[in-house]
Each structure stands twice: as C-alpha cells, then as structure tokens.
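Student: Could you take a close look at one part of this predicted model, the place where its domains meet, and describe what is found there?

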Amino acid sequence: MSADELLREAERVMTICNACRYCEGFCAVFPAMELRRTFAAEELRYLANLCHNCRGCWYACQYAPPHEFAVNVPRALAALRRTTWQEFARPKRFSGLFRRNGLAVLAAGLAAAAVFLLWGALSAESGLWAARSGAGAFYRVIPYGAMLGVFSALALGALAALAAGLFSFLRQTGTKASEFFAPGHQLRALKDVLRLTYLEGGGHGCNYPDERFRHGRRRLHHLVFYGFLAAFASTTAAAFYDHVLGLPAPYPWLSLPVLLGLGGGLAMTAGLCGLMVLKARMDHEPADEEGRGMELAFLGLLLAVNGTGLLLLFLRETAAMGVLLALHLAAVAAFFALLPYGKFVHALYRWAALVKNASEQSKAG
Amino acid sequence: MSLEDPLRREDCDVLVIGGGNAALCAAMTAAEAGARVILLESAPRSFRGGNSRHTRNLRFLHRKPTPYLKDAYLEEEFWDDLMLVTGGKTTEALARLVIRESEDLGEWMEAHGAMFQPPLRGTLHLARTNAHFLGGGKALVNAYYATAARLGVEIRYEAEAVDLEVENGRFRFARVRERGAERLVSAAACVCAAGGFQADLAWLKEIWGEAADRFVIRGSPFDTGRVLRTLLTRGAKAVGDPRQCHAVAVDARAPRFDGGIVTRLDCVPFGIVVNREGKRFYDEGENFWPKRYAIWGRLVAGQPGQEAFCLIDAKALPLFMPSVFPPVTGRTIGELAANLGLPVGAVEETVAAFNRAVRPGRFDPARLDDCATEGIAPPKSHWAQPLDCPPFYGYPLRPGITFTYLGVAVDERARVLREDGRPCENLFVAGEIMSGNILGQGYMAGFGMTIGTVFGRIAGREAARHVRG
Ligand SMILES: Cc1cc2nc3c(=O)[nH]c(=O)nc-3n(C[C@H](O)[C@H](O)[C@H](O)COP(=O)(O)OP(=O)(O)OC[C@H]3O[C@@H](n4cnc5c(N)ncnc54)[C@H](O)[C@@H]3O)c2cc1C
Ligand code: SF4
Ligand code: SF4
C-alpha cells in the first residue's frame with residue numbers, strides 16, 4: 001500500500017474504534033483517539049507512533065477479520081508508522097534507506113567490516129593476527145586519532161540527523177515546540193519510557209507472541225534498553241579514563257568500563273536473543289509484514305555489535321584480538337551510520353509521541 | 001441403535017449447547033466440579049461468543065470499591081433499579097437470586113481469566129454499578145475459552161444443535177450438525193445456553209411481517225433461537241412476551257448482522273428526527289438518552305419503510321459520541337434533504353416550523369434543561385435549539401434488534417420447567433434463553449451478562465451435581 005492508502009486505512013480503522021472504544025484500557029492510543037472526532041494525517045502520524053504494538057486490541061477486537069469491518073489496528077498503525085519514519089527522515093535523500101532496510105544494513109555492515117579489516121591489516125604493527133597486551137593495545141591495531149575521528153564524525157552525524165528527524169516529527173504531527181519541551185510533559189513521558197507503561201496492557205502484559213497476556217516482551221525490551229544504557233555508560237566511562245585520567249584501553253576486568261560493558265552487553269544479548277525467539281513464534285496476522293526486514297536487521301545489527309564486543313573482551317589477550325576489534329568497530333560504525341535510518345528511530349518517535357500524549361492528556365484533565 | 005443400550009456410556013457427563021458467556025460459565029463450573037464436558041458452538045472460532053462478544057460491561061452487587069468499581073452497590077438499590085426498568089414485570093425470587101449471587105462476581109470472573117478496567121470517558125455514569133471488561137466482551141470470551149480448555153472442556157466449533165431428544169422431561173441426546181455431517185451427542189445432563197432468536201429472520205417475520213425485512217440485527221447471526229424453539233416444542237414452558245424485542249435506532253448503513261456497538265447513534269436529543277415524508281413523529285428531547293434510546297427502535301419501526309432520519313446542525317455535532325459512518329451533509333437544509341433522498345419542501349417546512357417553535361432557554365446537555373418548543377406537535381421538551389448553524393448533518397436510522405424477550409421458564413436451580421410446572425431433572429438453561437424470567441420488559445445496562453454469569457454457574461453446578469451426585 002502507498003503512504004496515502006495507509007493513511008486512509010488508519011483513518012478508517014480509527015473511526016471505527018472511536019465509535020467503539022472497548023480497547024481504551026490497553027494503552028495510550030485509545031484515550032488519545034477519544035480526544036478527537038476526525039483523523040487528519042497529522043493526528044494519524046502521531047497515533048501511529050504512540051502505538052507500542054502490544055496487540056491487545058487485535059485479539060480483543062470484535063470487528064477483526066473475517067468480520068466485514070476488518071479492523072486490524074496493530075497492523076494499520078505499524079504500517080503507517082513505518083512510512084512516517086521515512087517521511088520524518090533527514091536529510092531527505094537518505095529516506096530511501098527505510099525502504100530496503102534489511103539490505104541497507106547488511107551492505108553497510110559488510111562494507112564497514114571490509115574497511116576496518118583492511119585498515120587494521122595495513123596499520124597494525126605486526127599484522128592483524130597477533131597477540132598484543134598492555135595499555136594502548138587497541139590503538140596499535142587502529143590508531144587512536146583515526147578511531148576518535150571516525151566515530152566522532154559518525155556519532156555527530158547521527159545525532160544531527162536524529163535531531164532534524166525530531167523536528168520534522170513535531171512539524172508533521174502539528175506539535176508546538178513549547179509544549180514539547182515543557183519539563184512536566186518530558187518528565188511524565190520519561191516515566192512511561194523507563195517503565196514501558198504501555199506494554200503493560202493495563203497490568204496484564206501484552207498479547208505477544210500470541211493470544212496469551214504475558215510480560216515477556218516488556219522484560220526482554222527492558223534488558224535491551226537498560227543494557228544499551230549500560231553499554232553507553234561504559235563508553236562514557238572509558239572516554240573519561242582515557243581523556244581525563246590518561247588511562248588508555250584496554251581496562252582490567254574489575255574496572256568501571258569493563259563491568260558496565262560486560263553487564264550491558266550480556267543483558268542486551270540475552271534480550272535480543274529472547275526478542276528474536278518471540279518474533280519467530282509470533283502470530284503474523286496483526287504484523288506489518290513489510291516492516292519485518294527492518295526489524296530483523298535492527299536486532300541483527302545490535303546483536304553483531306554485542307557479540308563482537310563480548311568476544312573482544314574475552315579474547316583480547318589472544319591473537320584474534322585484531323580481527324575482533326576490526327569487526328566490532330565495523331559493527332559499531334554501521335550501527336551509527338544507519339542509526340537515523342532504521343528501526344532505532346522507534347525510540348526517538350515513541351518518546352516524542354509520549355511527550356505529546358503527556359501534554360494533551362494534562363490539558364484534557 | 002446403540003443409544004438404546006442402557007449400558008452405553010454417554011459421550012460426556014454434561015453437554016453445553018452455546019458458546020457465549022452463559023455457556024462458558026456453565027462449562028467451566030461443571031468441569032471444575034469434575035464433570036466431563038462437551039461444549040457445542042455453532043459459530044466458527046473467529047465468530048465464537050454470540051452476543052457476549054459485543055458486550056462491554058456487567059453489573060454486580062459489591063459492598064466495597066474495587067480498582068474498577070466505585071463505592072458500593074447493594075441489593076435494595078439493585079432491586080429498585082430493576083423494578084424501575086421492568087415496571088415490576090419480573091419473577092422476584094429469581095431476580096433476587098441473581099442479585100444476591102452476583103455479589104463480588106468480579107472476583108470469580110478474574111479467577112477465570114476475566115480482566116477489568118476502570119471506565120474512562122463516555123461511560124463514567126456507570127462507574128459505580130458496572131464493571132468494564134478490558135478490551136470488551138471478545139477479550140472476556142477469549143479468556144473464558146482458554147480457561148475452559150485448560151479445565152478439560154472439549155470445545156467443538158461449527159457444531160450446531162439442531163434437535164434435542166427429551167423424554168418425559170429427561171434429556172437423552174442432541175442431534176448435532178457438525179461440518180456437514182449429522183451426529184448424535186448423548187450426555188447425562190444438558191445445559192442450553194444458546195441465546196435468543198433475534199437472528200432468525202423468518203421467525204422475526206412471523207411476528208412483524210414485512211417490516212422485519214428492514215430490521216438490523218446488532219449481534220451474532222448464529223443466535224437463531226433453534227434451541228429455544230426446540231425446547232418449547234419439546235414441552236418447556238415459555239416466559240416473556242414472544243412479540244417483544246429490545247430495539248434501538250441504529251445507522252441504516254449498518255451491516256445486516258453483527259454491527260455491534262458502533263452503529264448506534266446518540267444524536268437524537270440534539271436534533272430532530274423526521275420520517276421519509278419529512279415529518280417529525282416523536283419528542284426527541286423527552287428524557288436523557290440512556291433512558292430513551294431503547295424506545296427509538298420501536299418508534300422507527302413504526303414509520304413508513306421502517307426508516308427515519310436524524311437531522312442536526314454544526315453546533316450539535318460535538319455533543320454526542322462519534323459513530324461509525326460519517327453523516328450526510330448539506331450546506332442548507334434543502335441540500336441535506338436532497339442528499340438524504342427526502343422531499344425537500346416537506347423537510348424545509350418541518351425545520352422552519354420547528355425553529356419557530358423553539359423558546360429561548362439555557363441549553364445544558366447535562367440537565368433536563370429548559371430549552372423546549374411551544375405550539376408544535378409533537379413537542380421537543382428539552383435541548384431544543386433551532387437548526388440554524390450550517391453545515392447541516394443527517395443520519396439515516398433503522399431499528400436495530402439487540403435481543404428478544406421470549407424464553408424458557410426455569411426454577412432456582414436453572415432447571416427447565418415443563419408446561420405443567422414440574423422441573424426437568426437433567427435439562428438446564430442459562431443466559432438470554434431464560435432471561436425473560438427476570439427481564440419481563442425493559443433493559444438495564446450490563447444485566448444481561450449478570451444473568452448469564454449467575455445462571456451459567458448455577459446450571460453448571462446443578463448439571464454436575466446431577467451427574468456426580
Ligand atoms: C451490541 C450489543 C451490546 C451489548 N452490550 C451488553 C453489555 O455491555 N452488557 C450486558 O450485560 N449485555 C449486553 N448485551 C446483551 C448481551 O449480549 C446478552 O445478554 C448476553 O450476551 C447473552 O449471553 P448468552 O450467553 O446467553 O448468549 P450469547 O452470547 O448470544 O451466546 C449464544 C451462543 O449460542 C450459540 N448457538 C446458538 N444456537 C446454537 C445451536 N443451535 N447450537 C450450538 N450453538 C448455538 C451462538 O453461536 C452463541 O455462541 C449486548 C448485546 C448487543 C447485541
Ligand atoms: S480494536 Fe476493535 S474492539 Fe478495540 S476499540 Fe477498535 S473496534 Fe473496538
Ligand atoms: S497494539 Fe497495543 S499499543 Fe497499539 S493500539 Fe493496540 S492496544 Fe494500543
């Protein structure tokens with residue numbers, strides 16, 4: 001379906017739901033819908049990003065196909081959500097990356113691996129395959145300055161693109177910056193993000209991977225989310241050790257960067273594997289099948305970042321270190337390069353939608 | 001045939017016919033009491049659950065607030081509410097039984113998988129009396145099916161009971177059509193919980209004639225009343241007015257069956273309603289809508305062609321719950337009438353006369369306000385405001401049948417009563433098929449599910465007791 005058709009389908013479905021409202025206890029989408037009578041593109045883009053895809057409203061729907069109303073809220077909103085990300089993406093010329101995202105991620109990953117392996121092979125003192133130890137060992141494979149330069153550039157680029165994406169979200173959902181940046185609304189949204197309130201399905205969990213209500217998906221997502229934060233903290237701690245304390249990597253097992261990185265990496269890996277297993281078992285009817293490539297690519301890339309990172313940690317004293325470092329850096333580079341053009345942006349726009357939701361619900365009283 | 005063999009083991013202890021709320025409550029209860037249970041649902045799995053699939057809430061007696069119910073709701077108030085809607089047409093012993101046995105029903109339901117939510121916007125007036133199902137009736141039915149299966153109930157979809165063999169008030173077996181083939185299912189006891197007959201169009205026509213062709217059936221097409229009719233022809237005593245049904249005004253564009261809640265229209269008190277001749281025929285502002293919506297089905301059914309049209313103007317649009325079909329619009333009353341296929345001159349005249357008759361007042365949808373007409377018939381007693389704010393909107397209306405009142409007489413143990421008043425020893429009923437014992441007329445939001453749950457449990461318990469002793 002084209003973006004226009006997806007908008008019309010979401011409008012049709014929301015109009016039926018708004019006359020029904022039986023699902024209002026599941027999540028934030030229905031109470032937000034109830035504040036409206038008609039659904040213009042702006043509102044639908046917002047509602048689509050507010051949906052957490054818990055699927056409660058699929059199994060509960062008295063109008064689900066084969067009923068002639070054929071209501072499938074999770075699918076309609078997920079498909080629309082995917083196209084909104086493409087519309088929000090900046091610079092616009094990269095928005096096509098959303099279309100064949102699985103392929104883009106694979107290509108980026110392979111290209112990055114080739115670049116870093118070659119680079120390591122050329123710059124490492126005694127070749128890529130050699131044991132090194134002691135302070136600064138990593139930089140004897142890929143020089144410090146170059147590493148810093150490449151990753152700073154990638155991270156800054158991703159950040160700028162995400163910020164631009166956020167502003168297009170605000171514009172294309174008719175959200176005023178003043179309401180968005182109000183601290184009270186940010187605080188409430190932060191709570192919803194940190195808890196994943198709307199995967200709680202009114203307290204019973206979500207219908208994932210099948211009809212039963214379960215908390216598994218929310219817990220696995222928490223592992224990935226908090227694991228990600230820990231890994232991020234690990235990188236920050238490492239930067240502090242290096243630049244402020246003057247202690248270059250690698251660090252001993254009992255140091256802040258390693259403990260955070262190890263804990264975060266293990267948590268993320270467990271969470272990602274769990275989510276993959278659930279995805280393999282999930283019911284397909286409420287799913288947006290066209291978005292599957294993007295979801296798998298995102299899980300796969302994150303898993304590659306974690307897997308190579310953990311292997312590097314365990315095998316850093318061995319001759320495999322050089323190769324593993326190159327692969328880990330390649331995975332991280334691909335991750336940053338495609339950060340604004342893949343499933344990662346769900347975090348950005350979900351948060352933005354939750355802030356808008358906090359704002360309008362506080363106004364509605 | 002093997003059924004004649006006295007030593008033959010029955011197919012099951014308790015046969016439950018029906019797949020909605022009452023049937024599931026009976027099946028779960030019987031299975032918990034140790035009975036081997038088979039449940040027959042004539043619908044396919046995707047449409048299982050009868051009218052229960054379309055429900056939103058039920059009411060029960062409670063002494064304390066719960067996370068999803070405010071304050072308390074006690075027997076006398078419950079009873080008074082019932083008297084108010086039925087005008088006393090009830091069987092007091094059975095009605096009081098339902099009310100008493102409904103105490104803290106929510107806990108039992110939750111223990112069997114039900115989930116509730118506090119009401120949000122729109123249904124807040126029921127926040128004290130009615131507990132709302134999280135996700136509505138289909139979610140409830142899903143949970144019950146899962147629990148029933150876990151308790152060992154054998155569930156058969158697309159299995160329609162077409163006849164019952166009852167001998168001297170004793171159930172022996174059911175004739176069942178299952179995916180094209182007909183088979184007999186025998187049981188030591190049987191619970192019939194197969195709903196009313198509102199989906200049998202031929203039956204409706206017997207009562208209302210050609211007019212029935214233009215009725216919308218709000219709920220399941222599988223509630224054909226086949227079991228009800230069989231019981232009545234096999235000697236069960238009837239209760240409830242066979243000519244009455246609960247009917248509301250729904251959008252004429254609704255599907256013939258199963259349109260459920262979304263086709264109802266709440267715009268009537270905020271506009272005027274004309275028939276296809278362009279004439280008003282009843283006081284649109286007689287009382288609050290929740291107290292009046294159930295008479296409008298019959299009112300519309302009495303109009304030529306069983307149709308009517310609700311007309312409102314732009315200022316009224318935000319005042320009522322949105323409905324599923326967009327209104328027909330017009331920049332002028334004449335244009336709206338034309339777009340609705342109504343005689344333009346007659347509608348313009350009706351609206352002009354109505355507008356002239358409106359007396360000034362303080363408009364307030366939350367009160368029986370003093371905005372009324374003067375000097376026209378029929379009057380509009382409240383919320384009367386001139387239609388003068390374009391664009392104008394119109395909704396076509398038809399009668400939408402919720403359920404029928406005819407049922408089977410029961411005793412306090414849910415046993416079917418025979419015409420002579422004696423109970424059948426192993427034949428039980430629950431739900432819509434017997435709610436005419438309690439709701440002789442009228443309706444009270446959320447009470448259909450209460451009757452089904454309470455009597456479903458009684459029927460399941462008594463059927464199992466009959467089998468297991
Ligand atoms: C739109 C709508 C909204 C409603 N909302 C509410 C509400 O919020 N609260 C409330 O209390 N009430 C509500 N009601 C009324 C409520 O639906 C009924 O009171 C209740 O569902 C009756 O339950 P039941 O189990 O007796 O019948 P049903 O739920 O109708 O179940 C009858 C079952 O029997 C099956 N069946 C029929 N014939 C056969 C056969 N021959 N063989 C095998 N199976 C058969 C059907 O397929 C169906 O599964 C509503 C009704 C409608 C139409
Ligand atoms: S998903 Fe279905 S049951 Fe839920 S609110 Fe929408 S129409 Fe109603
Ligand atoms: S899938 Fe879940 S989060 Fe999305 S609209 Fe349905 S109930 Fe809400």
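Tutor: In this predicted model, the side chains of A:Asp288 and A:Arg82 form a salt bridge, with 2.7 Å from N to O. Across the interface of domain 1 of chain A and domain 2 of chain A, the rule finds three salt bridges, and the count of residue pairs in polar contact between these domains, both residues at pLDDT 80 or more, is 17. On the side of domain 1 of chain A that touches domain 2 of chain A, at least two residues each are supplied by helix H2 (29-33), helix H3 (41-50), helix H4 (56-59) and helix H5 (73-88) of chain A; the largest share, ten residues, comes from H5(A). Sorted by class, that side of domain 1 of chain A has 17 nonpolar, seven polar and eight charged residues.

As for the division itself, domain 1 of chain A covers 3-88 and domain 2 of chain A covers 92-364, and their centres, taken over C-alpha atoms, are separated by 28 Å. To the contact, domain 1 of chain A gives 32 residues and domain 2 of chain A gives 45 residues. The area buried between domain 1 of chain A and domain 2 of chain A is about 3500 Å², with carbon and sulfur atoms giving 57% of that area. Within domain 1 of chain A, the residues that lose the most area to domain 2 of chain A are A:His52, A:Trp85 and A:Phe88, which together account for 23% of what that side buries.

Methods: Residues numbered from 1 in each chain as written. Chains lettered and ligands numbered in written order. Predicted model: local features only at pLDDT ≥ 70, side-chain atom pairs only at ≥ 80, totals over all residues. Heavy atoms only, no water. Domains from an automatic or database assignment. Contact = heavy atoms within 4.5 Å. Buried area = accessible area lost by both parts, 1.4 Å probe. Salt bridge = Lys/Arg side-chain N within 4 Å of Asp/Glu carboxyl O. Polar contact = N/O pair within 3.5 Å; in protein donor to acceptor, adjacent residues only side chain to side chain. Helix = DSSP H or I, 4+ residues; strand = E, 2+ residues; numbered from the N terminus. Nonpolar A, V, L, I, M, F, W, Y, C, P; charged D, E, K, R; others polar.
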